[in-house]
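Here are some notes for a colleague who is meeting this structure for the first time.

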Amino acid sequence: MYTLLTESFSKISSAKQFKATAKLTETMEHILSEFYSVRPFASAKLKAYFSLFFLEIAEKLIPVENINCPSGNPVCEKRVCRAIIEEYINRNYNRNISVRELSNLLFLCEKQVSRVVKKEFGMTFRQLVAKTRYSVAIYLLANTELTVAEIAAKVGYNSYNGFYNMFLANAKITPEQYRKSAQKKA
């Protein structure tokens with residue numbers, strides 16, 4: 001991972017290249033795409049850490065008064081909203097989260113947030129949270145020895161039945177069957 005980041009950042013000769021917010025966003029997306037192409041499944045936690053890492057870089061390179069994103073560049077604003085939504089869900093999928101919390105974070109009304117989520121991700125907020133939980137559950141089933149009940153709790157389900165039904169609806173097999181098939185492949 002260190003080599004990949006070093007190679008990506010070596011293309012950046014100075015902080016002056018980051019004057020335009022759009023260029024900064026494009027460079028961050030490039031680095032993330034290279035990372036994800038090398039390792040196709042990155043856990044939600046890793047995504048959140050990378051998001052924080054890049055946000056810290058942005059804060060250091062561009063003084064707040066020079067950021068013209070919210071008022072001037074709608075493309076940039078959409079990217080920032082999308083990144084905040086992804087980070088919020090990736091950091092909080094394991095608890096009961098709502099559009100109301102996210103709307104407070106984005107300083108938008110709940111209807112606007114719901115529209116942004118639907119437009120950017122092609123699904124509702126609840127569907128996006130469920131998809132994230134399902135992705136993490138698949139990873140945990142294939143790569144840990146945690147019980148299915150423990151995994152259900154880790155990904156934010158209060159009841160085993162809720163987790164079981166969600167998993168069955170998505171994978172068309174039970175969590176136990178998925179684990180057995182994943183272990184056979186490994």
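Predicted model: local features only at pLDDT ≥ 70, side-chain atom pairs only at ≥ 80, totals over all residues.

1. Two residues are taken to be in contact when heavy atoms lie within 4.5 Å. R133 counts as buried, because its relative accessibility is 11%, and buried means under 20%. Between R133 and K154 there are 21 residues in sequence, while their C-alpha atoms are 9.0 Å apart in space.

2. Helix α8 itself runs over residues 125-143, which makes 19 residues, and from its first C-alpha to its last it reaches 27 Å, close to the 27 Å expected at 1.5 Å a residue. R133 is one of the buried residues of α8, and the others named with it are F125, L128, V129, T132, Y134, V136, A137, L140 and L141.

3. In helix α6 the buried residues are V99, L102, S103 and L106. They cover an arc of only 100° around the axis, and therefore sit on the same side of α6. The face turned away from that buried side carries the exposed residues R100 and N104. An α-helix has 3.6 residues a turn, so residues three or four places apart point the same way. After α6 comes F107, whose phi is positive, near 60°.

4. S103 deserves a separate look within α6. With a relative accessible area of 4%, S103 is buried, and a polar atom of its side chain lies 2.7 Å from the backbone oxygen of R100. When neighbours within four places in sequence are left aside, S103 is in contact with L108, C109, E110 and V113.

5. How many salt bridges are there in the model? The count comes to 5. One of them joins E110 to R100, the closest N and O atoms being 3.0 Å apart. This pair links distant parts of the chain, with E110 in helix α7 (residues 110-121) and R100 in helix α6 (residues 99-106), 10 residues apart. E110 is partly exposed, with a relative accessible area of 34%, whereas R100 counts as exposed, because its relative accessibility is 54% and the cut-off for exposed is over 50%.

6. Helix α5 (residues 74-92) holds both E86 and R82, which are 4 residues apart, about one turn of the helix. Their side chains meet in a salt bridge of 3.5 Å, N to O. E86 counts as partly exposed at 34% relative accessibility, and R82 is partly exposed too, with a relative accessible area of 28%. Salt bridges that share partners join R82, E86 and E120 into one network.

7. R91 and E87 also both lie in helix α5, 4 residues apart, about one turn of the helix, and their side chains meet in a salt bridge of 3.5 Å, N to O.

8. Turning to the rings, the structure holds 5 aromatic pairs. In one of these, Y157 and F163 are arranged edge-to-face, with 5.8 Å from centre to centre and 65° between the planes. Y157 is buried, and so is F163. For Y160 and Y164 the ring centres are 5.8 Å apart and the planes stand at 35°, so this pair is tilted.

9. Y160 and Y164 both lie in helix α10 (residues 160-171), 4 residues apart, about one turn of the helix. Y160 counts as partly exposed at 31% relative accessibility, and Y164 is partly exposed as well, with a relative accessible area of 24%.

10. Ring pairs also link Y134, Y157, F163, F167 and Y178 into a cluster.

Key. Residues numbered from 1 in each chain as written. Heavy atoms only, no water. Helix = DSSP H or I, 4+ residues; strand = E, 2+ residues; numbered from the N terminus. Expected span 1.5 Å × (residues − 1). Buried < 20%, exposed > 50% of the residue type's maximum accessible area, 1.4 Å probe, protein only. Salt bridge = Lys/Arg side-chain N within 4 Å of Asp/Glu carboxyl O. Polar contact = N/O pair within 3.5 Å; in protein donor to acceptor, adjacent residues only side chain to side chain. Arc of directions from axis to C-beta. Phe/Tyr/Trp six-rings, centres within 6.5 Å; stacked < 30°, edge-to-face > 60°.
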